[in-house]
Amino acid sequence: MLLRIDHVGIACRSLEAAIERYTNVFGLTVVAEETNEEQGVREAMLATESGTSYVQLLEPLSPGTTVGKFVERRGEGMHHVGYAVADVTEALAEIGATGVRLIDSRPRHGSMGASIAFLHPADLGGVLTELVQPRADS
């Protein structure tokens, strides 16, 4: 079901500072930047050299957002892991049938036009897990 690790989501206070850090230290390339009002973040996707996986940097739009609360409680750091799947709707059905709680019962809009859904961290060893069905032309 899981095809590969799509990305690691990193919560940060300043998107610009985090982009500078990850491009300078690791040589990652910024391939997309957007504001996702629904999720309450400004974000950037930085590609690895292979171009098949990413670091997603997430800056909260306000302290009351999910990522804003995360940064307030835990500081900057790893927020979630995203796994590529062929069909996010099918993956949700299969995973839900195992008893893992779904944060999203159906897919929503994600970075770079992907369809995404989150799984509850309490059922996965404390790791917030995102399923990512990349846009068809990706």
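Does Tyr-22 count as buried or exposed, and at what relative accessibility? With a relative accessibility of 16%, Tyr-22 counts as buried, because the cut-off for buried is under 20%. Keep in mind that this is a predicted model.

**The aromatic pair**

Tyr-22 has a ring partner. Searching the whole structure turns up one aromatic pair. It is made by Tyr-22 and Phe-26, whose ring centres sit 5.7 Å apart with the planes at 40°, so the pair is tilted. Both residues belong to helix H1, and being four residues apart there, they are separated by about one helical turn. Phe-26, with a relative accessible area of 58%, is exposed.

**The overall picture**

Stepping back, the protein has three helices and eight strands. Going along the sequence, they come in the pattern β-α-β-β-β-α-β-α-β-β-β. The radius of gyration is 14 Å, close to the 14 Å that the globule rule gives for 138 residues, so the protein is as compact as a globular protein of that length. Its C-alpha trace spans about 40 × 35 × 25 Å along the principal axes. Of the 138 residues, 42% are buried. If you take the contacts between residues at least 6 apart in sequence, 55% of them join residues at least 24 apart.

**The sheet**

The eight strands make an open sheet with mixed pairing, in the order E2-E3-E4-E1-E5-E8-E7-E6. At the edges are E2 (29-36) and E6, each of which pairs on one side only. Strands of a sheet pair through backbone hydrogen bonds, either parallel or antiparallel.

| Strands | Sense | Bridges | Facing residues |
|---|---|---|---|
| E7 and E8 | antiparallel | five bridges | Leu-119 and Thr-129 |

E7 covers residues 115-119 and is mostly covered, with four of its five residues buried. The hairpin of E6 and E7 has five residues between the strands, and in it Met-112 takes a positive phi near 55°.

**Helices across the sheet**

H1 lies across E1 (4-11), E2, E3 and E4, and runs at about 10° to E3. H2 (residues 66-74) lies across E1, E3, E4 and E5 (77-84), running at about 135° to E5.

**The cores**

Which residues make up the largest nonpolar core? There are eleven: Ile-10, Cys-12, Leu-15, Ala-18, Ile-19, Tyr-22, Leu-28, Ala-44, Leu-46, Val-55 and Leu-57. At least two residues of this core come from each of H1 (15-26), E3 (41-47) and E4 (54-60). H1 gives the most, with four residues. Leu-15 is one of the core members. Setting aside its neighbours within four places in sequence, Leu-15 is in contact with Glu-33, Arg-42, Glu-43, Ala-44, Leu-57 and Glu-59. Another core, of nine residues, lies apart from this one, and among its members are Ala-91, Ile-95, Ala-117 and Leu-119.

Note on methods: Residues numbered from 1 in each chain as written. Predicted model: local features only at pLDDT ≥ 70, side-chain atom pairs only at ≥ 80, totals over all residues. Heavy atoms only, no water. Buried < 20%, exposed > 50% of the residue type's maximum accessible area, 1.4 Å probe, protein only. Pairing = 2+ DSSP bridges. Core = buried A, V, L, I, M, F, W, Y, C linked by side-chain atoms within 4.5 Å. Contact = heavy atoms within 4.5 Å. Axes fitted to C-alpha atoms, helices over the stretch in contact; angles between N-to-C directions. Phe/Tyr/Trp six-rings, centres within 6.5 Å; stacked < 30°, edge-to-face > 60°. Rg over C-alpha atoms; globule rule 2.2 N^0.38 Å.
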